[in-house]
Amino acid sequence: MKKLILILTAAVFAVSCSDNLEDLNQNIKDPTQVSGESLFASAEKQLADQITTPNVNLNNTRLWVQHWQETTYPDESNYDQSTRPIPDNHWREMYRDVLRDLKEASKNIEAADNDITNPLKPNKLAIIEVLNVYTWSNLVETYGNIPYSEALDIENTLPKYDDAMTIYKDLLVRLTAAINSMDTSKGSFDGDVEKIYAGDMTSWKKFANTLKLRMGIVLADADAATAKAAVESAVASGVFTSNADDAGYAYTSPPNGNPLNDNLVLSNRNDYVAGKTIIDLMNNLEDPRRAAYFTDVDGEYIGGVIGDQTVYSDYSHVTPDILNSDYPGWFLQYAETEFLLAEAAARGFNVGGSAESHYIAGITASFDFWGIDGVADYLANPEVAYDSVNWKESIGTQAWLALYNRTFASWLSVRRLDYPVLVEPINAESGYPVRYPYPVSEINLNPTNYEQAASAIGGDATETRLFWDKFDNTWGF
């Protein structure tokens, strides 16, 4: 009897210690909300993966700028964007896996209250906003009009599409506000979370200004006044000034390795060789960077015919140096910065220095980045010398060479400057792709808004030039 009384007493005491019996079933070991830092880390990696990967289902821009050529399956080299759901996949990756996580990261960091980390909030939120702008600008540069003001709202499954120019200008406003909010005397994310600059705010401020420089140049043919103001403001605030400023995502080992390693090494596939377009030009210029970009075939550099099936062993391959698991995924680089400054100077913008001096600095930065000697002899080549009359050809060609392995950045440069002259693939399925068509999912699930957007930009074709692309770069095909 005593034992029964003791048991009942203990049970009553245990229940009385809890205001709610449901509390007894709660798992106190697992978090109920993902931290903003974790969401940011995920978004940063997803963005790095998407702009780095050579996976044909996700990113074919190396093929479209004719740096690489496919071997057995040359569909994407022939501008096929429909056999594989490439536009759908890029849209999904950027909206769902990057922008959505960045939005939640910002919300959760803003809501967190910790006396130790509270002073770091403004800088963390500024970095998130810079990557937001980077991602949104890519979507505008890739599709044109897109869902923006009504996007990322789980309650609105049919968001309207906003005008691309309006979005782009708003992004510049947001970027400027983020730059102005940065406090370089304070920290932000630590290096275990933030894998580009380990949270260093001085570097992030340069990154943001360099992004602003690029976005300003994108607008140059569409709105010269806005472009000039953005470019000059960015330069005054401080853009990249050396290769040490380059923004590269710090990959490590699988499963956190560079997607190049995953797709070209771990998969044990031989899907790509050097493209004939880049090899022919570099051979003609006797460009010493060939050895940094590609392997040779018995002492020669040989590129695969664009759009043709190729035998892997007969052609130059991608250099093993960029296929290591820990090779960075590059967001922005100094060489690109100098070519943007050369273009700005050629357009009469006040950025300090001449177009030619920035042009030379861009080539030199590229040689230094790849660890290649011989830049003085290269610059002395009359075919390399800066041409102030045909500055778009000079800058466009050398920027294209320097932007090797830079995917969307090289594609953007080619579409803006229309140089170098690319060739027609032997089985081209369209004219040159100057944009992604809208995803099939949008056509099927958001048809009214899709149709309005397609009509507003001049048709949902891969050849439809976007608002900033004012000149015809179809090169006769």
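## Model and confidence

This is a predicted model, in which local features need pLDDT of at least 70, side-chain atom pairs count only at pLDDT 80 or more, and totals for chains, interfaces and linings use all residues. Residues are numbered from 1 along each chain as its sequence is written, and side-chain values use heavy atoms, with hydrogens and water left out.

The protein chain has a mean pLDDT (the predictor's confidence in each residue, from 0 to 100) of 93. A pLDDT of 70 or more is reached by 92% of its residues. Residues 1–18 stay under 50. For that stretch the model has two contacts (heavy atoms within 4.5 Å) beyond four places in sequence.

## The largest cavity

The whole structure holds five cavities of 30 Å³ or more. A cavity here is a set of points, on a 1 Å grid over the protein atoms alone, where a 1.4 Å probe fits but cannot get out; lining residues have an atom within 4 Å of a point. A volume is the space filled by probe spheres set on the points, which are joined across faces, edges and corners.

The largest cavity has a volume of about 190 Å³. It is lined by 20 residues, and Tyr134, Arg406, Thr407, Phe408 and Ala409 are the closest to its centre. Helices and strands are DSSP runs numbered from the N terminus (helices H or I, at least four residues; strands E, at least two). Helix H2 (36–52), helix H5 (121–143), strand E6 (329–332) and helix H16 (408–417) each supply at least two lining residues. H5 gives the most, with five. By class, the lining has eight nonpolar, seven polar and five charged residues. In this scheme Ala, Val, Leu, Ile, Met, Phe, Trp, Tyr, Cys and Pro are nonpolar, Asp, Glu, Lys and Arg are charged, and the others, Gly among them, are polar.

## The second largest cavity

The second largest cavity has a volume of about 100 Å³. Its lining has 13 residues, with Glu336, Leu340, Leu403, Ser413 and Arg416 nearest its centre. Helix H12 (334–346), helix H15 (391–402) and H16 each give two or more residues to this lining. The largest share comes from H16, with five residues. The lining divides into eight nonpolar, one polar and four charged residues.

Gln50 lies in helix H2. Its relative accessible area is 1%, so Gln50 is buried (under 20% relative accessible area; exposed is over 50%, partly exposed in between; 1.4 Å probe, protein chains only). Leaving out residues up to four places away in sequence, Gln50 touches Leu58, Asn59, His90, Glu93, Met94 and Phe408. Gln50 and Asp97 are 47 residues apart in sequence, and their C-alpha atoms are 10.0 Å apart.

Thr210 sits in helix H7 (residues 201–218). Thr210 counts as buried because its relative accessibility is 1%. With residues up to four places away in sequence not counted, Thr210 touches Val239, Phe240, Leu332 and Thr337.

## Helix H13

Helix H13 has 16 residues (355–370). At 1.5 Å a residue, H13 should span 22 Å, where the expected span is 1.5 Å times one less than the number of residues. The end C-alpha atoms of H13 are 23 Å apart, which agrees.

Buried residues in H13 include His358, Tyr359, Ile363, Phe367 and Trp370. The buried residues of H13 pack against helix H11 (290–293), H12, helix H14 (375–380) and H15. Just after H13, Gly371 takes a positive phi of about 70 degrees.

How values were computed: 1 Å grid on protein atoms, 1.4 Å probe; cavity = no way out; pocket = protein on both sides within 12 Å on 5 of 7 lines; lining within 4 Å.
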